[in-house]
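Here is a short briefing for a first look at this structure.

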Amino acid sequence: MFERLFKLKEHGTTVRTEVIAGVTTFLTMSYIIFVNPDILSTTGMDRNAIFVATCLAAALGSAVMALVANWPIGMAPGMGLNAFFAFTVVAALGFTWQQALGAVFISGIIFLFLTVTGVRSWLIAGIPHSLRSAIATGIGLFLGIIALKNAGIVVDNPATLVGLGDLKQTGPLLAILGFFVIAVLDALNVRGSILIGILVVTVLSMFLGVSEFQGIVSAPPSIAPTFLQLDIMGALHGGLVHVILVFVLVEVFDATGTLIGVAKRAKLVEEGKPSRLGRALLADSSAIVAGSLMGTSSTTAYVESASGVQAGGRTGLTALTISVLFLAALFISPLAAAVPSYATAPALLYVAGLMMRELTEIEWDDLTEAAPAALTAIAMPFTYSIASGLAFGFVSYVVLKVCTGKWNVIHPATQLVAALFIVRFAFFAE
C-alpha cells in the first residue's frame with residue numbers, strides 16, 4: 001500500500017527510513033503544541049481548545065501534504081503570524097479573536113486563489129531578495145522581544161520604554177536556563193532540543209511549586225470553544241484589510257520559501273525534473289483555511305522538516321508519520337496545560353535567533369537594498385507590528401530606488417505592495 005501511494009522505490013527510500021524521518025521532524029517541530037496555545041490564549045481564546053486546534057491543524061495539513069503532494073514536509077500553525085495575531089491584531093489594535101480568525105480565513109482563500117492562478121509565483125519572483133531576508137529577520141526580532149517580555153527579562157520602563165527585569169526571580173531564571181538547555185542540545189545535534197528545553201523548565205517549575213502538575217495523559221479536550229467561531233463579516237467591515245494583506249504576504253514568503261528550500265534539500269525540485277511544487281503549494285494554501293475553521297492562526301510549512309530530510313525522508317510517508325504523531329499528541333493535553341509562559345519563552349527566543357541568520361543574505365554593500373531591509377527588521381519589534389515593518393520596508397525601497405535613478409529595477413509586485421501600504425496608512429486609521 002505504501003509503495004503504491006508514495007512510490008518509495010522510485011525515491012530510493014524505505015518505510016523504515018520514512019517513519020524515522022517523520023519522527024525526527026515531529027520532535028523538532030512539536031514545540032508548537034505548547035507554544036501556540038500559550039500565545040493565542042492571551043487573546044481570551046480557550047487554551048485547551050487551541051491545543052486541540054493546533055494538533056488537528058498540524059495533522060490535517062501534514063496529511064494533505066503527504067497525500068496530495070507526496071512531499072516529506074510537516075505543517076503546523078506558524079511562528080510569527082501567531083504572535084502577530086495575538087499581540088498586534090487583538091492586543092494592540094483591539095479586534096476580537098473571532099475577527100482575527102476571520103482575517104486568517106480570508107487570507108487563506110486569497111492565498112488559495114493566488115496559488116491556483118499563478119500570481120503567488122509572480123509575487124515571489126518580484127519581491128527583492130533583501131526584503132525577503134529582512135522580513136524573516138524582523139519576525140525573528142519580533143518573536144525575540146515577545147519572548148523576553150514573557151520571561152520577565154525585559155520589562156516596561158517609563159523612562160526608557162523598556163528595561164531589564166529582576167533576574168533573581170524564578171521565572172526569568174528558569175527561562176534563562178531553558179534557553180541554555182535548548183542551545184547546548186541543539187549545538188550537540190540532539191533531536192527535539194526545543195521540546196526538551198520546554199519540558200525541562202516545566203518539570204523544574206513543578207518541583208519549585210510555581211506550576212501545577214495536572215497529569216500527562218487524558219482524553220482530548222473539546223474544540224467547541226474555537227471551532228467555527230471565526231467572524232468573517234467582522235473582519236471585512238472592521239478595518240482588517242491591511243491585516244489580511246500582512247497575513248497573505250508573510251504566508252507567501254514564508255511558506256513558499258520553506259517549501260522550495262526543503263524540497264531542494266530532498267532533491268525534489270531540480271532543473272529539468274518534474275516536481276509536485278504546484279500540489280505542495282495547493283496543500284499549503286488549503287491548510288490555512290482549515291486551520292482558521294478549527295480556531296488557530298495560519299498553518300504553514302515548517303523549516304524543521306529539513307531535519308527529517310537529513311534523516312532520509314523523501315516522500316509523503318514522512319509527512320503522514322508527522323500527521324499521526326500530532327493526532328497522538330491530542331492525548332497529552334494535561335501536560336500542555338501545565339506548561340508556563342517562561343517555559344515557552346526560551347523556545348521563542350531560540351527560534352528568533354535562528355531566524356536572524358537571514359541577515360547574512362542582505363546586500364549590505366548596496367544602500368538602496370540595505371536601508372529598506374534594516375528599516376523592515378528594526379520596525380517590527382519596535383512598533384510591535386509586522387505590518388509596520390513591511391510598510392516601512394516596501395515604501396522606503398521604492399522611494400530610494402526612484403530617487404537614485406534605479407526605478408527601472410523595481411518589479412511591479414513591489415510597486416503594488418508599496419502602493420497598498422501607502423493607501424492603507426494614508427486613508428485608514430488604526
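Helix α2 gives the nonpolar surface patch its largest share, four residues. The model is predicted.

**Nonpolar surface patch**
- The patch covers about 700 Å².
- M1, F2, L5, V15, V19, V23, L27, L67 and V68 make it up.
- Two or more residues each come from α1 (2-6), α2 (15-29) and α4 (47-69).
- V68 sits in helix α4.
- V68 has 31% relative accessibility, so it counts as partly exposed. That class lies between the buried limit of under 20% and the exposed limit of over 50%.

**Nonpolar cores**
- The largest nonpolar core holds 102 residues.
- Inside this core, F84, F85, F326 and L390 have the most contacts.
- A second core is separate and has nine residues, among them I73, M75, A280 and A301.
- Setting aside neighbours within four places in sequence, F84 is in contact with V89, F142, V243, V246, F247, S385, I386 and A387.

**P381**
- P381 belongs to helix α18, which spans residues 367-382.
- Is P381 buried or exposed? P381 is buried, because its relative accessibility is 8%, and buried means under 20%.
- Beyond neighbours within four places in sequence, P381 is in contact with G138, L141, F142 and I145.
- P381 and I145 are 236 residues apart in sequence. In space, their C-alpha atoms are 6.5 Å apart.
- F142 is a contact of P381, and F142 is also a contact of F84.

Note on methods
Residues numbered from 1 in each chain as written. Predicted model: local features only at pLDDT ≥ 70, side-chain atom pairs only at ≥ 80, totals over all residues. Heavy atoms only, no water. Core = buried A, V, L, I, M, F, W, Y, C linked by side-chain atoms within 4.5 Å. Buried < 20%, exposed > 50% of the residue type's maximum accessible area, 1.4 Å probe, protein only. Contact = heavy atoms within 4.5 Å. Patch = residues over 30% accessible without salt bridge, like charges linked within 9 Å, V, L, I, M, F, W, Y side chains within 5 Å. Areas by Shrake-Rupley, 256 points an atom, 1.4 Å probe, with all protein chains shown as cover. Salt bridge = Lys/Arg side-chain N within 4 Å of Asp/Glu carboxyl O.
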